[in-house]
Amino acid sequence: MLETVKYLIGSAGASGYGSKSTAEQVTESCGDLSSITAIITGATSGIGAETALVLAKRGARLVLPARSLKAAEEAKARILSECPESDIFVMSLDLSSLTSVRNFVSEFESLDLPLSLLINNAGKFTHEHAISEDGVEMTFATNYLGHFLLTKLLLNRLIETAKQTGVQGRIVNVSSSIHGWFSGDLIRYLGLITRDKSHYDATRAYALSKLANVLHTKELAWGLKQMEANVTVNCVHPGIVRTRLTREREGFVTDLVFFLASKLLKTIPQAAATTCYVATHPRLLNVSGKYFADCNEATTSKLGCNSSEAARLWSTSEIMVSRDPKAVFNLLNALF
C-alpha cells in the first residue's frame, strides 16, 4: 500500500527521482553527451522517440534504426526541428529478421562510428499468432531474439569505443514489470507456441519476451564482468504510458474509475525517464546487471533472477541466431 501511495504522488526514491520524474529532469546532471554515439531501437514513436529527443538535446549523436525508413525520417525531422545541430543517422532494421539485424550491423560498421550507448527499446504486442521468417514466434523474435543478436554483434564496437575513449559503454534493455506474469518453463513454452498456434496466448507470449530481456541482462552482465570490459548492461521497466481512454458508458462510477486509472499511468516524458536515467546518469557508473523502475533499482520476479535460467536461455539463443535455420527447428523439436 505504501509503495502504491509513493508511486501515485511521485515520491522520490534513493536516486532522487520517482514515478513523476521526466526524461529531461533525470538527464540534467549528465553533462554534455557530444562524445556519445547512441543506437536506439524503436525510436520512431512513444518512449523511444522521447528518449531520442532528450539525448539529442544533451548533444548525443543518434543512430535511429527502423523497419519503416519513412517513419524514421519523420522522427529525425521532429528532432531536428527542436535540435537543428543534431547529428542523426537513419538506417533500416527489422528486428524480427536475423538477416536484417546482420545487414544493419554491417551498414553501421561501414560508417566507422564509435558506439557508447545501445538502447534496446523496440517492442511489440502481437495479438495474432505469427512466425518470423527465421521460424520463431513473432513476439519473441522481435522483442528479444533480434535484440540478442544485435547486442552480440555490436558488443566489440562498444568495448573498443570504451577502451579508446575511456567512457564506459552502456547497454539498456527495455523490459516490463509484466515479465513477472510468466511462470513455468520458458524454453518449453516458446517451443509450444512456435510450432502450434493453439497454445498461443498473446499476453503470456509478451510476458515471456520481457522475461527474456531480464535474463539476457543478467547473463550479459556476468559475461562482461568476466571479460573485464568497461561496458555495463541494465534493464528497465518504463511504466505504462497514458493514452486516450475510450469508453462506452458514461456516469459517475465510470468517470471515477477512469480518473483513478489515469493516475496510475505515465506521460511519455515520464515513461522515458528510467531509460534515460540508466543510460546517462553518472551515479550508475559501474552498475551492471540490475533492474530499474521509476528511476530506482527494483526487484525482478523470482524467475527473473534465476542464474541457471539465464544461462540456459543464453545457450538456446546462441543456437537460434546461428546461420543454420535447421538448428532452430532441431532445438525446438528436441523439446518434445
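Helices here are DSSP runs of H or I with at least four residues, and strands are runs of E with at least two, numbered from the N terminus. What you're looking at is a predicted model, where local features need pLDDT of at least 70, side-chain atom pairs count only at pLDDT 80 or more, and totals for chains, interfaces and linings use all residues. Residues are numbered from 1 along each chain as its sequence is written, and side-chain values use heavy atoms, with hydrogens and water left out. Let's start with helix H6.

**Helix H6 and its ends**

- H6 runs over residues 138-165, which is 28 residues, and spans 38 Å from its first C-alpha to its last. That's close to the 40 Å expected at 1.5 Å a residue, where the expected span is 1.5 Å times one less than the number of residues.
- There's a bend of about 45° at Leu-154 in H6, taken as the angle between axes fitted to the seven residues ending there and the seven starting there.
- H6 is largely enclosed by the rest of the structure, because 21 of its 28 residues are buried (buried means under 20% relative accessible area, exposed over 50%, partly exposed in between, with a 1.4 Å probe and protein chains only).
- Just past H6 comes Gly-166, with a positive phi of about 80°.

**How H7 meets H8**

- Helix H7 (residues 186-195) and helix H8 (residues 202-227) have axes that come within 11 Å and cross at roughly 140°. The axes are lines fitted to C-alpha atoms over the stretch in contact, with angles from 0 to 180 degrees between N-to-C directions.
- That makes H7 oblique to H8: under 35 degrees counts as roughly parallel, over 145 as roughly antiparallel, 65 to 115 as roughly perpendicular, and the rest as oblique.

**Ser-100 in H5**

- Ser-100 sits in helix H5 (residues 98-110) and is buried, with a relative accessible area of 14%.
- A polar atom of the Ser-100 side chain lies 2.8 Å from the backbone nitrogen of Asp-94.

**Two loop residues with positive phi**

- Asp-112 belongs to the loop between H5 and strand S4 (117-120). Its phi is near 55°, a positive value in a residue other than glycine, and Asp-112 is exposed at 63% relative accessible area.
- Asn-286 is in the loop between helix H11 (273-280) and strand S7 (291-293). Although Asn-286 isn't a glycine, it has a positive phi of about 70°, and it is exposed, with a relative accessible area of 59%.

Technical notes. Polar contact = N/O pair within 3.5 Å; in protein donor to acceptor, adjacent residues only side chain to side chain.
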